[in-house]
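Work through the exercises below with the sequence and the structure open. Try each task before reading its solution.

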Amino acid sequence: MVSAPHEAMRRVFQEYPSLLSGLSDVLGLELPPVASTELLTVDLTETEPLERRVDTLLRIRTENDGPFLLVVEAQGKQDPGKTVSWPYYVTYLNNKYRLPVLLLVICQDHATAAWAARLLTIGLPQWPTVTTRPLVAGPHNMPVITNVAEARKDLAFATLSAITHADNPDVDAILKTMSVALRDAPESLVEPLVEFIAQGLGNRPAAQQWRNLVAVDLSFYTSPLSEEIRDEGRAQRGAEDVLLVLGVRGIEISDGTREKVTACTDPELLSQWLVRAAIAATSDEIFAEESSLDRQGTVSTPVSLRRPGLASAREQ
């Protein structure tokens, strides 16, 4: 039950809101003159669900200082909405779990990192009531790791460093270091780190450099990315073989045929076209699902020519 003193301390402000002026003098807080006041509802319950999600939330247990919550936010650009969201995350989680909260923001460019590192305050300029201070990791403070031994000391940290330096002029050296450092690591560790770097590079030019390094330096293990790279390599070689056979046979290759063959990413389909290229009268005939050559049963005959035939063609 609410006590009488509690009621008195809160209701006096409802009845005499102007007493804030006198109170501010006692507290040493300079406030502008009050023009008017409005009594609002004291019910802070949210009547409509509002979805709010952090990027990652971890409960960290320490040996000496007790547990705390780690909120990880990946920030690709400046977002004014975070000025409201981040303080909410911190205060909500602290209230829900009754644990200290650390907000960590990961960035990939200096401007976003500087923006994210600002103090976020709720309150008056003269007296902020709530202050949220994000901890920011980005290209401004993450080390540039181009030493293989250093990268091997902590591969996960080196991976995060490579991601934050995706726009670094020395990114090629950084990625080469990572590909070499991962060679002797357990496959269970290598696979996710390779994928994380690929995702972290996005559509930057360095992404293709990483794909090339994975295909060469890390060709010993399988992963979705490595399999995709190998499929691309097989498709590229298959397309080259189809065009080579047509060219050696003196078949005129139309622009449409060349474009369709080089754009194909299906190694199996390219193998079918390669077989047809060995006997087709025109370049367009290799695309027929059931050409006259197929119906005559002659397509299967030159399968043995697939590799030997290409070898002799290249020797010519």
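**Exercise 1.** Find which residues S24 touches, not counting residues up to four places away in sequence. Then decide whether S24 is buried or exposed.

Solution. The model is a predicted one.
- Step 1: locate S24, which is found in helix 2, residues 19-27.
- Step 2: leave out the residues up to four places away in sequence; S24 then touches L29 and L31.
- Step 3: the relative accessible area of S24 is 6%. Buried means under 20%, so S24 is buried.

**Exercise 2.** Compare the surroundings of H165 and N168. Are H165 and N168 buried or exposed?

Solution. 
- Step 1: H165 is found in the loop between helix 6 and helix 7. N168 has its place in the loop between helix 6 (155-164) and helix 7 (171-181).
- Step 2: H165 has a relative accessible area of 3% and is therefore buried. N168, at 19% relative accessibility, counts as buried too, since the cut-off is under 20%.
- Step 3: setting aside neighbours within four places in sequence, H165 is in contact with P139, M142, P143, V144, V171 and I174. With the neighbours within four places set aside again, N168 is in contact with V144 and I174.
- Step 4: for a distance across this part of the chain, take H165 and L175, which are ten residues apart along the chain; their C-alpha atoms are separated by 9.9 Å.

**Exercise 3.** How many aromatic pairs are there? Classify the pair of Y88 and Y92 and the pair of W273 and F287.

Solution. 
- Step 1: the count comes to three aromatic pairs.
- Step 2: the ring centres of Y88 and Y92 are 5.8 Å apart and the ring planes are at 15°. Planes under 30 degrees apart count as stacked, so the pair of Y88 and Y92 is stacked.
- Step 3: both Y88 and Y92 lie in helix 3 (residues 82-97), four residues apart, about one turn of the helix. Y88 is partly exposed, at 25% relative accessibility, and Y92 is partly exposed, with a relative accessible area of 41%.
- Step 4: the ring centres of W273 and F287 are 4.8 Å apart, with the planes at 80°. Planes over 60 degrees apart count as edge-to-face, so the pair of W273 and F287 is edge-to-face.
- Step 5: this pair links distant parts of the chain, 14 residues apart: W273 is in helix 12 (residues 267-277), and F287 is in the loop between helix 12 and helix 13 (292-295). W273 is buried, with a relative accessible area of 5%, and F287 is buried, with 19%.

**Exercise 4.** How much space lies in the largest pocket, and which residues are the closest to its centre?

Solution. 
- Step 1: the space in the largest pocket is about 380 Å³.
- Step 2: the pocket is lined by 15 residues, and those closest to its centre are V72, A74, I106, L160 and I163.
- Step 3: strand 2 (68-74), helix 6 and helix 8 (187-201) are the elements that give two or more residues to the lining. Helix 6 gives the most, with five residues.
- Step 4: by type, the lining of the largest pocket has ten nonpolar residues, four polar and one charged.

**Exercise 5.** Which residues line the largest cavity, and how much space lies in it?

Solution. 
- Step 1: a search of the whole structure finds one cavity of 30 Å³ or more. The largest cavity holds about 30 Å³ of space.
- Step 2: the residues that line the largest cavity are K82, T83, W86, W115, A116, R118 and L120.
- Step 3: helix 3 and helix 4 (110-116) are the elements that give two or more residues to this lining. Helix 3 supplies the largest share, three residues.
- Step 4: sorted by type, the lining of the largest cavity has four nonpolar residues, one polar and two charged.

Methods. Residues numbered from 1 in each chain as written. Predicted model: local features only at pLDDT ≥ 70, side-chain atom pairs only at ≥ 80, totals over all residues. Heavy atoms only, no water. Buried < 20%, exposed > 50% of the residue type's maximum accessible area, 1.4 Å probe, protein only. Contact = heavy atoms within 4.5 Å. 1 Å grid on protein atoms, 1.4 Å probe; cavity = no way out; pocket = protein on both sides within 12 Å on 5 of 7 lines; lining within 4 Å. Points joined across faces, edges and corners; volume = space filled by probe spheres on them. Nonpolar A, V, L, I, M, F, W, Y, C, P; charged D, E, K, R; others polar. Phe/Tyr/Trp six-rings, centres within 6.5 Å; stacked < 30°, edge-to-face > 60°.
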